[in-house]
Amino acid sequence: DKIIQAKEIISDCFIHPPTIAQLAKMVATNDFKLKKGFREIFGASVFTHVLYYRMNLARQLLIDTDQQIKDIALEVGYSTPQHFSTAFKKHFGAAPNRVRKNPDLAILRM
């Protein structure tokens, strides 16, 4: 199925994902069908899936490595640590530095 294929593409390149138009072209469909199909099958938008993958990786890196937060921000696709921290806190309800100290604060959610 084209929507499943699109999700696989996103999971493989979520750091620098294709645009909706590019993704639709890659799976031989149009933007509208891709977005609609994604919501119907997965219950969330394409962007939500990209964010989920980024936040999951960021959480793992915070917990499992000693990388600086600014380096993690760049690694998961954010142009600035501030944008990353804002998105991370919005997603998990706790700032990256707090999660690093207490991983239980970050519960994954879609």
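Tutor: With a relative accessibility of 44%, K35 counts as partly exposed; the class lies between buried, under 20% relative accessible area, and exposed, over 50%, computed with a 1.4 Å probe and protein chains only. The model is predicted, so local features need pLDDT of at least 70 and side-chain atom pairs count only at pLDDT 80 or more, whereas totals for chains, interfaces and linings use all residues. Residues are numbered from 1 along each chain as its sequence is written, and side-chain values use heavy atoms, with hydrogens and water left out.

K35 belongs to helix α3, where a helix is a DSSP run of H or I with at least four residues, a strand is a run of E with at least two, and numbering starts at the N terminus. From K35 to F47 there are 12 residues in sequence, and the C-alpha atoms of the two are 9.7 Å apart in space.

The loop that joins α2 (20-26) to α3 (31-42) contains A28. A28 has a phi near 60°, a positive value in a residue other than glycine. Most residues other than glycine have a negative phi. A28 counts as exposed because its relative accessibility is 53%.

Which helix meets α3 at an angle of about 90°? The partner is α1, and the two axes are 9 Å apart; axes are lines fitted to C-alpha atoms, for helices over the stretch in contact, and angles run from 0 to 180 degrees between N-to-C directions. The two helices are therefore roughly perpendicular, a label for angles of 65 to 115 degrees. On the α1 side, I3, I4, A6, K7 and I10 touch K33, L34, G37, F38, I41 and F42 of α3; contact means heavy atoms within 4.5 Å. Sorted by class, this contact has eight nonpolar, one polar and two charged residues. Nonpolar covers Ala, Val, Leu, Ile, Met, Phe, Trp, Tyr, Cys and Pro, charged covers Asp, Glu, Lys and Arg, and the others, Gly among them, are polar.

Helix α1 (residues 2-12) also packs against α4, at an angle of about 35° and with the axes 9 Å apart. The crossing of α1 and α4 is right-handed, meaning that the near helix is turned clockwise from the far one by less than a right angle. Here K7, I10 and S11 of α1 meet V46, H49, V50 and Y53 of α4. This contact holds four nonpolar, two polar and one charged residues.

Helix α4 (residues 46-64) packs in turn with α6 (residues 81-92), at about 100° and with 11 Å between the axes. This angle makes α4 roughly perpendicular to α6. The residues in contact are L51, M55, A58, R59 and L62 from α4, and F84, A87, F88, H91 and F92 from α6. By class, eight are nonpolar, one is polar and one is charged.

The interior can be described through its cores, a nonpolar core being a set of buried Ala, Val, Leu, Ile, Met, Phe, Trp, Tyr and Cys residues joined through side-chain atoms within 4.5 Å. In the largest nonpolar core, of 15 residues, M55, A58, I72, V76, Y78, F84 and F88 touch the most other members. Helices α4, α5 (69-75) and α6 each provide at least two residues of this core. Setting aside neighbours within four places in sequence, F88 contacts M55, A58, R59, L62, G93, A94, A95, P96 and V99. Another core, of 13 residues, lies apart from the largest one and includes I10, L23, V46 and Y53. In soluble globular proteins, nonpolar side chains tend to be buried together.

D71, in helix α5, counts as partly exposed because its relative accessibility is 34%, and its C-alpha atom is 8.1 Å from that of P81, 10 residues away along the chain. Q82, in helix α6, counts as exposed at 56%; Q82 and E8 are 74 residues apart in sequence, and their C-alpha atoms are 29 Å apart.

For the chain as a whole, there are seven helices and zero strands. The C-alpha trace spans about 45 × 25 × 20 Å along its principal axes, and 33% of the 110 residues count as buried.

How values were computed:
Angles under 35 degrees count as roughly parallel, over 145 as roughly antiparallel, 65 to 115 as roughly perpendicular and the rest as oblique.
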